[in-house]
Structure formats: structure tokens, C-alpha cells
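Dear colleague,

I am handing over the structure below, together with some notes on what turned up when it was examined. Please read the notes with the model open beside you.

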Amino acid sequence: MVPLSRDLVVLVIDDNVGMRSIMTAVLRALGFTTIRLADDAVEAQRTLHQVKPDLIITEIKMPVIDGVTFVRNLRADESNPFSEVPIIVATGHTEEKHVKACIAAGVDQFIAKPITGMALAERIRSALSPTRQFVRFGNYHGPRRPMSDLQR
């Protein structure tokens, strides 16, 4: 099991200030001390190289650039040293089309809002698993998963 108290940099991307505050509180309760916040995907893209995240948690519905596009663009940029960073989507938009879009974009984990500490800890442990494998195959860039997940 991956300990959650390691000194990792977590980047939280959400356009809702209240949600960023809640996510920060939950992450701190789980033992994370270095949490960086971005108001949206544009800010995240602009500050990624300064923040140097070990884990990204993002919303998908945001203005200008949505979370799925952010993930897809990041994953596709092989020259970006953060293209393989584990990514968790935390969203209230849980319809099947959104989940499928996240899987196809290369998201590691998906969690429905409202979040609980236990559920977030489970997703983080999975995303940070030492056995996690990252693949680049055709248009897919993301964690290794069964082909059936990609074809849904």
C-alpha cells in the first residue's frame, strides 16, 4: 500500500474556490503538505513547470480549456516531463460519456463529487501505485488498462 504522507506535490485544478478549499483540507488530512492550486486548466498549463507536480487532481468542466482537453494535451506532449504524472478527475459530472472521455484521455482515476477522504485516499493509492505502467499506443497515452476499458 502506498503511504499518503510522503512529501509529494499535488496540483489541484478546479474553477470553484470552495471545491479547491475542500480538496486542500481533505488532502492535508490525508497527510499531504505540498498542495498547489490552479483556478483553471489555462493556469495549470502556465505553471506546470514551476509547480512540478507528482499528482494532479482536476475537475473536467471548466471555462476555456476543460479538464479532459487538458489531460489529453498533457499526455500527448512526450517532450513535457509531466506528461506521465498520475491524474485523478474529481467531478460531479459522472455521466457515462464523461467517464469514457476521461478514460480515453488517459486519466488514472475518476472520483465523483462530493468526495470523501476514504474514497480519495483509495484513488490516490491506486494512481501512485509502484506497479502503475504508462503506455503510449496509437492515440492513447495513459495508464495501462484493459483494452475493453478503452473500447467502451
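Aspartate 108 is buried, with a relative accessible area of 9%, where buried means under 20% relative accessible area, exposed over 50% and partly exposed in between, using a 1.4 Å probe and protein chains only. Its side chain meets that of arginine 132 in a salt bridge of 2.5 Å from N to O, a salt bridge being a side-chain nitrogen of Lys or Arg within 4 Å of a carboxyl oxygen of Asp or Glu. The pair links distant parts of the chain, 24 residues apart, with arginine 132 in the loop between H5 and strand S6 (134-137) and aspartate 108 in the loop between helix H4 (96-105) and S5; helices (H or I, at least four residues) and strands (E, at least two) are DSSP runs numbered from the N terminus. Arginine 132, at 23% relative accessibility, counts as partly exposed.

Before going further, please note that this is a predicted model, in which local features need pLDDT of at least 70 and side-chain atom pairs count only at pLDDT 80 or more, while totals for chains, interfaces and linings use all residues. Residues are numbered from 1 along each chain as its sequence is written, and side-chain values use heavy atoms, with hydrogens and water left out.

A search of the whole structure finds nine salt bridges. Among them, arginine 20 pairs with aspartate 39, their closest N and O atoms being 3.1 Å apart, and this pair too links distant parts of the chain, since arginine 20 is in helix H1 and aspartate 39 in the loop between strand S2 (34-38) and H2, 19 residues apart. Arginine 20 is buried at a relative accessible area of 10%, whereas aspartate 39 is partly exposed at 39%. Arginine 123 and glutamate 122 also form a salt bridge, at 3.8 Å from N to O, and salt bridges that share partners join Asp14, Glu59 and Lys113 into one network.

Which charged residue is buried yet has no salt bridge? That is glutamate 43, whose nearest side chain of opposite charge, arginine 46, is 5.0 Å away; here Lys and Arg count as positive and Asp and Glu as negative, with His and the chain ends not counted. Glutamate 43 is found in helix H2 (residues 41-51) and touches Leu37 and Ala38, leaving aside residues up to four places away in sequence, where contact means heavy atoms within 4.5 Å.

As for helix packing, the axes of H1 (residues 17-29) and H5 come within 10 Å and cross at roughly 70°, which makes H1 roughly perpendicular to H5. Axes are lines fitted to C-alpha atoms, for helices over the stretch in contact, and angles run from 0 to 180 degrees between N-to-C directions; angles under 35 degrees count as roughly parallel, over 145 as roughly antiparallel, 65 to 115 as roughly perpendicular and the rest as oblique. Met23, Val26 and Leu27 in H1 meet Gly117, Leu120 and Ile124 in H5.

Most residues other than glycine have a negative phi, and most peptide bonds are trans. Valine 64, however, has a positive phi of about 70° and is exposed, with a relative accessible area of 77%, while lysine 52 has a positive phi of about 50°. A cis peptide bond joins lysine 113 and proline 114, with omega about 0°.

Best regards
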